Amino acid sequence: MRQAGRSLPEYKAVRGEGSINQAIADPERATEITLQPVRRYGVDAAILFSDIVTAVHAIGFGIDIKPGVGPVAEKPITSTDDLARLRPLEPEQDIPYVLETVRNLVGELDVPLIGFAGAPFTVASYLIEGGPSKNKAKTKSMMLDAPDLFAAVLDRLADQAIATLTAQVENGASAIQLFDSWAGCLSPSMYERFVMPASAKIFEAVESLGVPRIHFGINTGELLTRFRDAGADVVGIDWLVPLDVARERLGPDAILQGNLDPVICLSEWPSVAAAVREVLASNGGHPGHIFNLGHGVLPEINPDILKQVVELVHAEGHLVGAS
Ligand code: CP3
């Protein structure tokens, strides 16, 4: 998950000061940062070091990622005139460094590389609010009061996501993940009406690439079936919905990713171990499970605890429910 490296001293050493965008734009550094958690933890897949706003940043929209804050846009989208600032992404010209990082990684990794993009709604929320926001008030207002503009913003962001995901897979990524982190702030009907078409467009466009497609957000208990119906092969589950409950909603064959509460990783090991075993038990030995945190790694988490989590999952993950 996001920021696996953030709690690592070796990440802090290589990351450097300044905007994270500079580290992303430097393939040598981005390659090393992607490899660090894989080396330290022995996880079964790597996630590309990049960000959900890398594409909009690269086309010159005017967005930066402020440390401790998140993505901040100088001039938020307020009218149709702003659509011109969301020109199409041309991966080879606009983000050659991301593609070089992907190629470097595929050459070095023994495990699959997961490429990713931000989902249109979650990226749009930063562009419309101007930064992180609690209730996404401006975004919801635009949805309801200027639906054509909102749909046009999401459609342009969908095309950017298709372009970056396709290029990442063409350069060697083995799976893709669409992060709609904040879609859980929407009711099912708002999600279906205003957001799902743009995400579905992405999943449909990348289907022919033939790689697994993962769809993730938090607070999505009521949206899980829509997250699947948007076209995902794997649905990310946060820690609020037990995996067995998710399979009651999605069907017994559902492939799930999740869902240890990252905050629990701040506790003593016995409590963390119990929580890991609870996740495994609620999966019940189902083969369609990618163990993961239910959201990103917090910077305060002790890397030794995460190492123990990985070891425990490797030791016991396949045992639970096996007869
Ligand atoms: O684990 C990884 O490093 C993989 C690469 C990755 C990053 N961001 C790097 C990053 C991934 C997959 C993301 C996705 C991302 N970015 C999401 C979706 C996933 C989720 O957690 O919901 C979102 C919402 C963002 C936007 C974003 N970028 C936020 C909210 C922040 C936190 C700001 C802060 O400092 O608290 C970022 C910064 C960011 N992106 C960091 C990393 C490693 C933080 C550390 C740094 O600035 O060096």
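The following legends describe close-up views of a predicted model.

**View 1. The open sheet of seven strands.** The strands of this open sheet follow the order β1-β4-β5-β6-β7-β8-β9, and their pairing is parallel. At the edges lie β1 (46-47) and β9 (289-293), each of which pairs on one side only. Strand β8 (residues 255-260) runs parallel to β9, to which it is joined by five bridges. Within this pair, G258 has F291 of β9 as its bridge partner.

**View 2. Strand β6 and its side chains.** In strand β6 (residues 213-216), the side chains of R213 and H215 point one way, whereas those of I214 and F216 point the other way. All four of these residues, R213, I214, H215 and F216, are buried.

View 3. Strand β5 (residues 175-179) and β6 run parallel and are joined by four bridges. Opposite I214 of β6 stands Q177.

**View 4. Strand β6, helix α11 and strand β7.** Two bridges link β6 with strand β7 (residues 234-236), and the two strands run parallel. Here I214 stands opposite V234 of β7. From β6 the chain passes through helix α11 (residues 224-229) to reach β7, and the handedness of this β-α-β crossover is right-handed.

**View 5. The packing of helices α9 and α10.** The axis of helix α9 (residues 147-170) comes within 9 Å of that of α10, and the two cross at roughly 20°. Angles under 35 degrees count as roughly parallel, and the helices α9 and α10 are therefore described as roughly parallel to each other. The crossing of α9 past α10 is right-handed. On the α9 side, the contact is made by P147, F150, L154, D155, A158, D159, A161, I162, L165 and T166. The residues contributed by α10 are F194, V195, A198, K201, I202, A205 and V206.

**View 6. The hairpin of strands β2 and β3.** Strand β2 (residues 63-66) and strand β3 (residues 70-73) pair in the antiparallel sense over four bridges. The bridge partner of I65 is P71 in β3. Three residues lie between the strands of this hairpin, in which G68 takes a positive phi near 80°.

Note on methods: Residues are numbered from 1 along each chain as its sequence is written. This is a predicted model: local features need pLDDT of at least 70, side-chain atom pairs count only at pLDDT 80 or more; totals for chains, interfaces and linings use all residues. Side-chain values use heavy atoms; hydrogens and water are left out. Buried means under 20% relative accessible area, exposed over 50%, partly exposed in between (1.4 Å probe, protein chains only). Two strands pair if DSSP finds at least two bridges between them. A crossover is right-handed if, with the strands pointing away from the viewer, the path from the first strand over the helix to the second runs clockwise. Axes are lines fitted to C-alpha atoms, for helices over the stretch in contact, and angles run from 0 to 180 degrees between N-to-C directions. Angles under 35 degrees count as roughly parallel, over 145 as roughly antiparallel, 65 to 115 as roughly perpendicular and the rest as oblique. A crossing is left-handed if the near helix is turned anticlockwise from the far one by less than a right angle, and right-handed if clockwise. Contact means heavy atoms within 4.5 Å.
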